[in-house]
Amino acid sequence: MLHGLMMQMPLAISSLIRHADRHHGDAEIVSRRVEGDIHRYNYRDLHRRARQMANALKGLDVKLSDRIATLAWNGYRHMELYFAVSGSGAVLHTINPRLHAEQIAWIANHAEDSYLFFDLTFLPIIEAIAGHCRTIKGYVAMVDRAKMPAQSKVPNLICYEDLIDSHSDRYDWPEFDENLASSMCYTSGTTGSPKGVLYSHRSTILHTYAAALPDALNLSARDVILPVVPMFHVNAWGLPYVAPMVGAKIVMPGPNLDGKSLYELFEAEKVTCSAGVPTVWQGLLAHVEANNLRFSTMKRTVIGGSACPPAMLRTFEEKYGVQVLHAWGMTEMSPLGTACTLKEKHMHMSPEQRYPTQYKQGRVIYGVDMRIVGDDGGDLPWDGKAFGDLLVRGPWVLRQYYKGEGGDPLVKDAEGRTWFPTGDVSTIDPDGYMQITDRSKDVIKSGGEWISSIDIENIAMSHPAVAMAACIAAKHPKWDERPLLVVVRKPNAELTREQLLAHFEGKVAKWQIPDDVAFVESIPLGATGKMLKAKLREQFKDYKLPTA
Ligand code: AMP
C-alpha cells in the first residue's frame with residue numbers, strides 16, 4: 001500500500017480562532033448583553049481573551065476532557081468559552097436553561113461537570129441546583145466584578161472578568177488527537193431520559209467546512225450573521241464555528257429574542273443572514289408587518305428545527321425579498337443534514353413551480369448520506385411518494401450516546417454499513433430532496449424545544465385517578481406543536497382537566513405542562529400492550545387546543 005505524502009495535521013477547534021485572528025482580526029463580534037448594553041470587539045480580542053480564559057481554566061485545575069458546563073445566552077463571553085474550553089482540551093457542555101432546575105441538575109450530574117459558567121439571568125437556577133450538583137467545584141458568573149451578586153447562597157461563586165483579568169494571554173493551544181471530545185449537548189429528542197451527544201474536534205471541523213458551503217448555509221467574509229438559534233442548542237447550528245472560519249462579522253442577540261429587539265439589531269448591525277426556529281420568525285414577521293417595516297440588509301435566513309410553514313417562506317420571499325433556507329438536522333448530527341437550495345433547473349421555473357420543492361427539508365450536504373427504509377428495513381424508492389424511516393450516516397453523525405446510554409443506537413444495512421435512525425419519517429424525490437412527513441419517535445417539539453411525552457405520561461400516571469395516559473403532539477399556530485394529554489380515568493374516579501394539570505405544577509418546566517386533557521374511554525393498544533401513538537395522533541389530528 002502506498003500512503004499519501006501529505007501533512008498530518010489534526011483538525012482542532014483552536015485553529016478556527018487562530019485563523020480568524022490572523023486573517024479577519026478586525027471583523028466584529030457584537031453582543032447585546034444581559035447587562036442591557038451593546039458590547040463590541042473583534043476576533044483579535046476574542047482570541048486574546050480566549051487565551052486568558054484557557055490559562056484561567058488551567059489555574060482552576062481543569063484537566064483534559066473535564067466537562068465545563070454553560071447556562072448562557074448567545075454572547076461574546078459564551079463564544080470565548082467555545083474556544084477556551086474546547087481549544088484547551090476540555091469539553092464544553094452547553095446546557096439548555098429552559099429545562100426545569102431538577103432536569104438541569106440531573107444532566108450536570110450525569111455529565112459530571114466540574115465547573116458551571118452562567119449568565120446572571122440564571123442565578124435563580126444556580127441557587128436551586130447548587131446543593132444537588134455533586135461534581136461541580138465552582139460556579140462562574142459571566143459578568144464583571146461590579147455586577148456580581150452582593151449576596152448569594154451559591155458556594156464558590158467566581159467572577160468571570162476576575163478570571164480573565166488575573167491571567168496572561170500567553171498561551172499556546174495544545175495539539176491533540178482530532179478525535180478528542182470537544183463539546184457536548186444533551187437531547188431529549190429520543191425516547192427516555194436525556195442523552196449526551198459528544199462531539200469531537202474532527203466532527204466539528206468537518207461539519208464547519210460543510211456548513212459554510214454555498215449549497216449549505218452559504219456564508220462568507222462578506223456576511224454579517226446573527227444566530228437567533230441558541231448556543232445551548234446544538235452549538236447554535238455550528239454558526240460560532242463557521243463565522244471565524246469564513247471571517248464573517250457575528251451579532252449575538254443575548255436574551256431578547258422578541259420581534260422588535262431582533263429587528264432593531266438586524267438593522268443597526270446590517271445583518272445579512274440569520275438562523276432560527278419558525279416560532280422566532282413568526283414574532284419577527286408580526287412586528288415587521290404591524291409596523292410596516294422593511295429589511296434593508298437581510299438577504300437570507302435559515303429556518304429549521306421544525307418544519308417551516310409554506311406561508312412563512314412565501315412572505316419572506318415575496319414581501320421582503322428575503323430568501324428562506326429551509327434546513328433539517330438533529331443534535332445527533334451536529335446538527336446539519338439537509339438544506340433546501342435549488343438546482344440549476346429550478347432557476348428557469350416560476351415561483352409557483354419551484355415552491356413545492358422549497359417547502360421540503362432539502363438535499364443532503366456532502367458528507368451526510370441518507371436513505372429511507374420500510375418496515376422490513378429494505379430501501380424505499382426515491383419517488384417523492386414512498387415514505388419510511390429516515391436513516392443517516394456521516395463523520396458528524398452520532399455513533400453512540402455518552403456513557404453508552406440507550407445501548408447501540410445504530411442499525412446495519414445488507415453490506416454491514418452502520419446507519420443512525422433519525423426517528424423522522426420522510427420521502428425523498430428523484431432529485432434527492434427529502435421531506436419530513438411524520439415522526440416515529442415519541443416526543444413533542446414546542447417552539448424548537450423538546451418535551452418528553454414519557455415524562456408527561458409518568459407524571460399523569462402518578463395521579464391516583466388516572467388509569468392510562470398518553471401524551472401526543474397537537475398542532476399549534478405559534479409553537480408548531482403543544483402537548484395534549486389523552487387520559488383514561490380509573491373506574492368511578494372523579495378527575496377534571498384543571499385538577500390533572502395542577503398535578504404537573506413544579507414537576508416539569510411550566511412550558512412543558514400539557515395545554516389540554518382529553519378524557520377517553522380507551523387508548524388503542526398494540527399486540528404487545530404498547531400504546532399506539534400513531535393511531536392516537538391520527539384520531540386527534542384536527543384537535544383544537546384551547547389557546548389555538
Ligand atoms: P434537535 O435535536 O432538537 O435539533 O431536533 C431534531 C429533530 O427536530 C429532527 O429529528 C426533526 O424531528 C425535527 N426537525 C428539525 N428540523 C426540522 C425541519 N426543518 N422540519 C421538520 N422537522 C425538523
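**View A. Packing of helix α12 against helix α13 in the predicted model.** Helix α12 (residues 310-320) packs on helix α13 (residues 351-358) at an angle of about 135°, and their axes are 11 Å apart. α12 is therefore oblique to α13. The contact involves L313, R314, E317 and E318 of α12 and E352, R354, Y355 and Q358 of α13. Five of these contact residues are charged, two are nonpolar and one is polar. The two helices cross in a right-handed sense.

Terms for this view are as follows. Helices are DSSP runs of H or I with at least four residues, strands are runs of E with at least two, and both are numbered from the N terminus. Axes are lines fitted to C-alpha atoms, for helices over the stretch in contact, and angles run from 0 to 180 degrees between N-to-C directions. Angles under 35 degrees count as roughly parallel, over 145 as roughly antiparallel, 65 to 115 as roughly perpendicular and the rest as oblique. A crossing is left-handed if the near helix is turned anticlockwise from the far one by less than a right angle, and right-handed if clockwise. Contact means heavy atoms within 4.5 Å. Ala, Val, Leu, Ile, Met, Phe, Trp, Tyr, Cys and Pro count as nonpolar, Asp, Glu, Lys and Arg as charged, and the others, Gly among them, as polar.

Residues are numbered from 1 along each chain as its sequence is written, and side-chain values use heavy atoms, without hydrogens and water. Because the model is predicted, local features need pLDDT of at least 70 and side-chain atom pairs count only at pLDDT 80 or more, whereas totals for chains, interfaces and linings use all residues.

**View B. Packing of helix α2 against helix α3.** Helix α2 (residues 43-59) and helix α3 (residues 76-87) pack at an angle of about 60°, with 8 Å between their axes. This angle makes α2 oblique to α3. Their crossing is right-handed. On α2 the contact residues are Y43, L46, R49, A50, M53, A54 and L57; on α3 they are Y76, R77, M79, E80, L81, F83, A84 and V85. The contact has 12 nonpolar and three charged residues, and no polar ones.

**View C. Packing of helix α1 against α2.** The axes of helix α1 (residues 14-24) and α2 are 8 Å apart, at an angle of about 145°. The crossing of α1 and α2 is left-handed. I17, R18, A20, D21 and H24 of α1 touch Y43, R44, L46, H47 and R51 of α2. Four residues of this contact are nonpolar, two polar and four charged.

View D. A side-chain N or O atom of T331 is 2.6 Å from a ligand oxygen atom. The side chain of R439 has an N or O atom 3.2 Å from an oxygen atom of the ligand. A polar side-chain atom of Q361 is 2.9 Å from a ligand nitrogen atom.

**View E. Backbone at P335 and W237.** S334 and P335 are joined by a cis peptide bond, with omega about 10°. P335 is in the loop between β14 (323-329) and β15 (336-339). W237, which is not a glycine, has a positive phi of about 55° and lies in helix α8 (residues 234-237). Most residues other than glycine have a negative phi, and most peptide bonds are trans.

How values were computed: A polar contact is a pair of N or O atoms within 3.5 Å; within protein, one must be able to donate a hydrogen and the other to accept it, and residues adjacent in sequence count only if both atoms are side-chain atoms.
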